[in-house]
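This report describes one protein model, moving between single residues and the whole chain. The sequence and structure come first.

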Amino acid sequence: MPLVPMTHFLPQAKEQGFAVGQFNINNLEFTQAITEAGMQEKSPLIFGVSEGAMRYMGIDYVVAMAKVAAEQSALPIALHLDHGSSFDVVMKCIRAGFSSVMFDGSHYPFEENIRLTKEVVKAAHAVGVSVEGELGTIGGVEDDVSVDESEAALAKPEEAIRFYEETGVDALAIAVGTAHGMYAGEPKIHFDIIKEVSSKIDVPIVLHGGSGVPDEAIEEAISQGVGKINVNTESQVACTEKVRELLAADGAMIDPRKYLGPAREAIKAVVVDKIKLFGSSNKA
């Protein structure tokens, strides 16, 4: 199956009350693990690719791996730019073969964010590529995205609704209390904001910073209108912990396949659990 835009499955997610996971890919093992988890659970998938990961892997390798995963798995998979910083980066990804993009204009003034996002939506929709926009400021650190918690700002429902109406994005990320990275304590998610915005727009809300959020909070967020949830840090933690464990146990181990293979299985286990939690099993 060729790569698909998120509009291939997100309307179903909003209608039926489940969420599709965006699982970031960082190398071949991440791509394989996420794909195998999706095949096991018969779930649609979103491969998230940050600008940092794209620089590390190379954009052509990213697209090639994603295309092979989609074709061999027969799953609906969207290859999605995560936190695209500019119109030029978004266009580069679309030309390379991405089927979905996020333009993160949340650091711009509200009106400028609308203007820039509209430009991205117009160009992307012209070639069948889906678009995610962002409003409010999500704290934490993830690759090129670093926002001090004191500077994080919740989205205002009335602005989020207007943002959707004027831009026509296919998914809307709003700051509701989550953060990138793992949490020191339990996040305080503002479910009232999710509910108010979701009830007034036709597309799903996106929850960034899904790693480490308690299961019951995830379930509540989905029930209020979240239809896409981003997970990266938890997969990275599982991968790295397994590698450390194996290298610590055998100082003579030098074959990367001996530790990256088990690390791949650790990533897969995380993704399988998240797919089940999000309710997207058997939705492919």
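Ala74 counts as exposed because its relative accessibility is 52%; exposed means over 50% relative accessible area, buried under 20%, and partly exposed in between, with a 1.4 Å probe and protein chains only. The residue sits in the loop that joins α4 (59-73) to β3 (77-84). Helices (H or I, at least four residues) and strands (E, at least two) are DSSP runs, numbered from the N terminus. The phi angle of Ala74 is near 60 degrees, a positive value in a residue other than glycine. Most residues other than glycine have a negative phi.

His83 also has a positive phi, near 55 degrees, and is not a glycine either. His83 belongs to strand β3. With 8% relative accessibility, His83 counts as buried.

## Basis of the values

The model is predicted: local features need pLDDT of at least 70 and side-chain atom pairs count only at pLDDT 80 or more, while totals for chains, interfaces and linings use all residues. Residues are numbered from 1 along each chain as its sequence is written, and side-chain values use heavy atoms, with hydrogens and water left out.

## The chain as a whole

The protein chain has 11 helices and 11 strands. Its radius of gyration is 18 Å, close to the 19 Å that the globule rule gives for 284 residues, so the chain is as compact as a globular protein of that length. The radius is taken over C-alpha atoms, and the rule is 2.2 Å times the number of residues to the power 0.38. Along the principal axes, the C-alpha atoms fill a box of roughly 60 × 40 × 35 Å.

Of the 284 residues, 58% are buried. Among contacts (heavy atoms within 4.5 Å) with a separation of 6 or more, 72% join residues 24 or more positions apart. The chain carries 24 positive and 41 negative charges, whose mean positions are 5 Å apart. Lys and Arg count as positive and Asp and Glu as negative, without His and the chain ends; each charge is placed at NZ of Lys, CZ of Arg, CG of Asp or CD of Glu.

Helix α8 covers residues 191-198, and its buried residues are Ile193, Ile194, Val197 and Ser198. These residues span an arc of only 115 degrees around the axis, which puts them on the same side of α8. The arc is that of the directions from the helix axis to the C-beta atoms. An α-helix has 3.6 residues a turn, so residues three or four places apart point the same way. The cover over the buried residues of α8 includes α1 (10-16), α7 (157-167), β8 (171-174), β10 (205-207), α9 (215-224) and β11 (226-231).

Gly225 lies in the loop between α9 and β11. At 15% relative accessibility, Gly225 counts as buried. Apart from neighbours within four places in sequence, Gly225 contacts Ile194, Ser198, Pro204 and Ile205. Its C-alpha atom is 22 Å from that of Glu41, which is 184 residues away along the chain.

## Phe47 in strand β2

Phe47 is part of strand β2 (residues 45-50). Its relative accessibility is 0%, so Phe47 counts as buried. Not counting residues up to four places away in sequence, Phe47 touches Phe23, Ile25, Thr31, Ile34, Thr35, Ala66, Ala69, Ile77, Ala78, Leu79 and His80. Between Phe47 and Gly251 there are 204 residues in sequence and 34 Å in space, C-alpha to C-alpha.

Gln236 is in helix α10 (residues 233-249). A relative accessibility of 29% makes Gln236 partly exposed. Beyond residues up to four places away in sequence, Gln236 touches Asn26 and Phe30.

Lys258 is in helix α11 (residues 256-278). At 53% relative accessibility, Lys258 counts as exposed. Leaving aside neighbours within four places in sequence, Lys258 is in contact with Leu246 and Met253. The C-alpha atoms of Lys258 and Leu247 are 9.5 Å apart, with the two residues 11 apart along the chain.
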